[in-house]
Amino acid sequence: MVYCFPIILFPITTFLILTILIFVFLILLKRKDEKAKPETRATKARDVFSIWNYDGKIAFEEMIEATEDFDIKYCIGNGSHGSVYRAQLPNGRVIALKKLHSLEAEKTTILNNFQNEAHILSKLRHQNIIKLYGFCLHKKGMFLIYKYMKRGSLFSVLRNNDEAIELDWSKRVNIVKNIAHALSYLHHDCTPSIVHHDLPSNNILLNSKLEAFVADFGLARLLHPDSSNRTILAGTYGYIAPELAYTMVVTETCDVYSFGVVALEVLMGRHPGELLSSLSSSSNQNMMLIDLLDPRLPCVADTMVVQDIALISRIAFACCSKPKSQPTMHCVSHEFLGRRTPLAKPFHEISILEMRNQYIFAVDKSKG
């Protein structure tokens, strides 16, 4: 019996050791899986903002969770083709999500605009153009994911008295410059050139610092040299260049005109439609520039800002003139970067007629 005990003990010991090893292995495997789960979620979160390596199902599920299935309480704006939602992701990032209405998503034109905007914005890199994080083409819905702009559109800010007052003259000058630099980039630094084609104040978004960003590129066009660049009449009423109605050809001058309208809107605090239609009337030729400025703001005191306002008004009137008299956005951007010119007379003595003639003469002279 003494010699049989080790023989019996050996297989039992081996069995126990194997059992313990298997148990330890299973514990280690479980811990490894638990560590991998957060990495998988993080990877999925990154995929939401990936444009080319994109998983629509992951993005759609992320957005459903962040907006509680697009609950109206997250909606911050509505348009004719879709709604914009504010959403906060698990990592704390706040984004804006533009979702097309389900019925609209079935229309070929709307689908083309969606794909056009995603394609163009994915290539743009400018500090004053809205940043596109990603997009989703999913059978349950289509949406674009943007950087969130806390203050909303320039249009809405100008029409709210409290917010309009907060938008003082220095901030308004800066907004006009932001837009000019963005358009100069689109027209002169992109190959081929890009025309936004729909630039109302509603498509200018403001961040928490009230800096301007050009948004909504659904109607944007790439200007190919070997193309006629003909189009249907599209855009926002009141901002469309008059010549587009009869030429039906998209050129950079379409944006130049819209920029002029928006620049005047920033100075006046309202759309300048009545002013533009009355400029041909002799009774309005001697209207003073100071009388056009937004009455909700105090009179301009800073000399530098006064010079900037005079420059903006001169450029805006030139941009709203006939195409041959318009400056390019490159010239406009360059002027804003240059040294300010002292005014030849006190600001309150400057008429609109003087502003128009002064800049048109300068443009014509530069063209030789």
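A residue is called buried when its relative accessible area is under 20%, exposed when that area is over 50%, and partly exposed in between, as calculated with a 1.4 Å probe on protein chains only. Isoleucine 309, at 0% relative accessibility, therefore counts as buried.

The structure is a predicted model, in which local features need pLDDT of at least 70 and side-chain atom pairs count only at pLDDT 80 or more, while totals for chains, interfaces and linings use all residues. Residues are numbered from 1 along each chain as its sequence is written, and side-chain values use heavy atoms, with hydrogens and water left out.

## The chain as a whole

The protein chain has 12 helices and 10 strands, where helices (H or I, at least four residues) and strands (E, at least two) are DSSP runs numbered from the N terminus. Of the 368 residues in the protein chain, 44% are buried. Taking contact to mean heavy atoms within 4.5 Å, residues 24 or more positions apart account for 64% of the contacts in the protein chain that have a separation of 6 or more.

## Helix α6 and its two partners

Helix α6 (residues 169-188) packs with helix α8 (residues 252-268) at an angle of about 175°, and their axes are 10 Å apart. This angle makes α6 roughly antiparallel to α8; angles under 35 degrees count as roughly parallel, over 145 as roughly antiparallel, 65 to 115 as roughly perpendicular and the rest as oblique. The axes themselves are lines fitted to C-alpha atoms, for helices over the stretch in contact, and the angles run from 0 to 180 degrees between N-to-C directions. On the α6 side the contact includes Trp169, Ile175 and Leu183, which belong to a set that meets residues of α8 including Phe259, Val262 and Leu267. By class, the contact of α6 with α8 has 11 nonpolar, 1 polar and 3 charged residues, with Ala, Val, Leu, Ile, Met, Phe, Trp, Tyr, Cys and Pro counted as nonpolar, Asp, Glu, Lys and Arg as charged, and the others, Gly among them, as polar.

The axes of α6 and helix α11 (residues 329-337) come within 8 Å and cross at roughly 140°, which means that α6 is oblique to α11. The crossing of α6 and α11 is left-handed, a term used if the near helix is turned anticlockwise from the far one by less than a right angle, whereas clockwise is right-handed. Among the residues of α6 in this contact are Lys177, His181 and His188, and among those of α11 are Met329, Ser333 and Phe336. By class, the contact of α6 with α11 has 7 nonpolar, 6 polar and 1 charged residues.

Isoleucine 309 is placed in helix α10. Leaving aside its neighbours within four places in sequence, isoleucine 309 is in contact with Trp169, Val173, Leu267, Leu293, Val300 and Phe347. Glutamine 307 is also in helix α10 (residues 303-319), and touches Arg340, Thr341, Pro342 and Leu343, not counting residues up to four places away in sequence.

Serine 153 is in strand β6 (residues 152-153). Although serine 153 and leucine 206 are 53 residues apart in sequence, their C-alpha atoms are 6.0 Å apart in space. With residues up to four places away again set aside, serine 153 touches Ser201, Asn202, Ile204 and Leu205.

The table lists accessibility for several residues.

| Residue | Relative accessibility | Class |
|---|---|---|
| Glutamine 307 | 12% | buried |
| Serine 153 | 9% | buried |
| Glutamate 68 | 42% | partly exposed |
| Phenylalanine 70 | 12% | buried |
| Cysteine 299 | 69% | exposed |
| Cysteine 320 | 16% | buried |

## Backbone details and cysteines

Most residues other than glycine have a negative phi, and most peptide bonds are trans. Glutamate 68, in the loop between α2 (56-67) and β1 (75-78), has a positive phi near 55°. Phenylalanine 70 is found in the loop between α2 and β1, and its phi is near 55°, a positive value. A cis peptide bond, with omega about -5°, joins threonine 191 and proline 192, and proline 192 lies in the loop between α6 and β7 (193-195).

A search of the whole structure finds 0 disulfides, a disulfide being a pair of cysteine sulfur atoms within 2.5 Å. Cysteine 320 is in no disulfide, and the nearest cysteine sulfur, that of cysteine 319, is 6.7 Å away.
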